[in-house]
Amino acid sequence: MGNTVEVSDWIIFIGRFHPLMVHLPIGIIFAGISMYFLARKKKFSQMKSAIPFLMGAGAVSAVLSCIFGYLLSFQGGYDNEALNAHQWMGMALAIFAVLAYVSVVWKKTKRIVVLQSGLMVFLLVGLVYTGHLGGNLTHGTSYLTQYSPDPVRKLVGLPPKPVKRPPVTLLDSADIFLDVVSPMLSDYCVSCHNPGKSKGDLILSTYERILKGGENGPGVVGGNLAKSELFRRVSLSEHHDDFMPPEGKKPLSVEQKKLLELWIMKGAPDKGQMGNFEIDRDYLLAANKVLGLEGQGNNSLAKRVEPADSSVVASLNAKGYLIRTISGGSNLLDVSFLSNGNKESVNIEELLPIKDQIVYLSLGNLNLRDEDLEVIGQFENMVRLNIHSNPITDDGISFLGRLENLEVLNLYGTKIGDIGLEGLVLLQKLSRIYLWNTQVTPEKVGNLKAKHPDLEINMGEVSS
Ligand code: HEC
């Protein structure tokens with residue numbers, strides 16, 4: 001009924017009463033059926049006289065509901081398959097409601113009573129099922145389950161609620177499946193390959209099902225691109241009949257396909273940080289692009305430095321620093337501090353012995369002062385610096401002027417103002433800066449954006 005012909009407003013106006021109207025037959029028939037069964041008990045036998053009236057009213061309202069529903073279908077915009085199922089069930093139900101009415105006013109014989117009980121049970125089940133199909137049409141199939149708590153999800157066989165992933169800011173800590181592959185499939189494929197609608201018998205919303213594949217065998221075979229039907233489908237020519245997603249849907253980009261390939265070649269793991277795999281440069285570039293991390297230095301991160309003194313690293317670890325190399329073959333370090341609410345425990349000078357190795361430093365919300373930035377200003381290989389939510393001002397920011405490799409700077413929740421910002425834009429490689437909740441004025445930002453179109457200044461809008 002995906003009718004595109006102009007129909008009279010009256011048709012749709014009346015049709016839209018269908019969702020309201022259907023509650024009449026549901027309620028009335030339900031009451032009729034309950035009384036039908038209850039009336040067999042002596043205690044409730046006086047209900048018997050109400051049954052013909054209820055079943056009659058139920059049948060009439062069921063027929064009316066069908067008519068209203070039919071009018072509503074002219075509105076269009078429904079999934080045809082789902083609409084048809086609901087429509088035919090609804091019509092069948094109306095016919096059965098009429099039959100049920102006829103049977104209760106008909107002469108009683110033993111055989112009729114048996115038939116009649118069956119009819120009532122059937123009507124009851126049909127009522128619930130048709131109502132559910134109709135609900136799915138209006139609200140979508142995930143309406144009932146979307147907010148279901150985990151115990152309920154378990155009961156109905158749904159996977160536990162997915163935990164929202166924090167946005168990826170560092171390529172190395174991005175998860176190869178959870179941050180790279182899974183979001184891609186969710187965006188491009190899951191609309192047709194989900195538990196409610198599994199085209200080709202394929203579900204792409206869980207790791208297990210992705211591997212399992214559909215009617216033509218496994219979806220993904222770790223380490224084997226040729227046997228991975230999923231990969232074959234996305235890498236065909238776009239005009240090929242088997243190409244996925246089908247015609248009319250946005251295809252995966254070259255970079256996205258490369259990442260899918262990377263994941264499969266790394267054995268299609270269900271998780272694992274990018275930094276823990278040996279990954280060739282062109283895949284890294286693709287990942288940077290797909291994850292919106294471009295500008296996160298290529299040459300700055302290829303720098304050769306001596307490995308950090310392991311005893312220094314060990315003692316820093318013991319103090320609560322989290323220190324990792326940025327990738328397998330590199331001596332460059334990604335350093336952050338787990339504050340555990342203890343803001344006074346960082347003494348930034350402790351990091352000086354590894355200042356040449358640090359390229360990523362994350363020290364948010366640690367009560368850092370302007371003097372501390374004088375120390376950080378000596379970490380000249382720094383590429384990404386996150387010092388959000390610290391009481392630092394323009395005076396301190398001026399020390400960052402020596403960080404010539406700096407590409408991403410997060411200053412949200414600090415006291416930086418227009419003057420400090422002005423100084424920062426002199427940093428040649430700086431490509432992104434976060435300034436939400438600072439004293440920087442929108443005028444200044446507008447002004448700088450016009451002058452430096454390549455610099456992304458994020459004032460709190462959702463970042464890509
Ligand atoms: C618009 C709906 C739609 C979207 C979006 C879509 N598919 Fe499909 N897919 C289908 C249909 C329909 C079939 C079954 C017909 C066929 O095999 O070509 C199918 C079949 C498949 C199969 C074969 C399953 C088997 O074993 O037969 C794979 C693999 C597949 N899709 C992968 C994908 C991937 C990967 C994406 C996302 C990049 C995707 N699909 C997006 C509709 C879709």
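Colleague: What makes His-193 and Met-244 protein donors of the iron atom of the ligand?

Modeller: Distance. Bear in mind that this is a predicted model. NE2 of His-193 and SD of Met-244 lie 2.0 to 2.3 Å from the iron, and the cut-off for a donor N, O or S atom is within 2.8 Å of the metal. So both atoms count as donors.

Colleague: And why is the arrangement around the iron atom called octahedral?

Modeller: The 6 donor atoms subtend angles of 86 to 178 degrees at the iron. For six donors, the label needs opposite ones over 155 degrees apart and all others between 65 and 115. The arrangement passes, so octahedral it is.

Colleague: What do you know about where His-193 and Met-244 sit in the chain?

Modeller: His-193 is in strand β1, while Met-244 is in the loop between α10 and α11, so the pair ties together parts 51 residues apart in sequence. Met-244 is also joined to Pro-245 by a cis peptide bond, with omega about -10 degrees.

Colleague: Why is His-193 called buried, and what makes Met-244 partly exposed?

Modeller: Buried means under 20% relative accessible area, and exposed means over 50%. His-193 comes in at 9%, so it's buried. Met-244 has 24%, which puts it in between, so it counts as partly exposed.

Colleague: What surrounds the ligand overall?

Modeller: 20 residues, with Cys-189, Cys-192, His-193, Asn-216 and Met-244 the closest. By class, the shell has 10 nonpolar, 5 polar and 5 charged residues. Helix α10 gives the largest share, 4 residues.

Colleague: Let's move on to Gln-357, in the loop between β4 and β5. Is it buried or exposed?

Modeller: Its relative accessibility is 7%, and the line for buried is under 20%, so Gln-357 is buried. A polar side-chain atom of Gln-357 also lies 2.7 Å from the backbone oxygen of Glu-306. Among the residues Gln-357 touches are Val-305, Pro-307 and Asn-331.

Conventions: Residues numbered from 1 in each chain as written. Predicted model: local features only at pLDDT ≥ 70, side-chain atom pairs only at ≥ 80, totals over all residues. Heavy atoms only, no water. Near = heavy atom within 4 Å. Helix = DSSP H or I, 4+ residues; strand = E, 2+ residues; numbered from the N terminus. Nonpolar A, V, L, I, M, F, W, Y, C, P; charged D, E, K, R; others polar. Donors = N, O, S within 2.8 Å, 3.2 Å for Na, K, Ca; no water. Tetrahedral: all angles 85-135°; square planar, octahedral: opposite > 155°, others 65-115°. Buried < 20%, exposed > 50% of the residue type's maximum accessible area, 1.4 Å probe, protein only. Polar contact = N/O pair within 3.5 Å; in protein donor to acceptor, adjacent residues only side chain to side chain. Contact = heavy atoms within 4.5 Å. Lists of a residue's contacts leave out its neighbours within four places in sequence.
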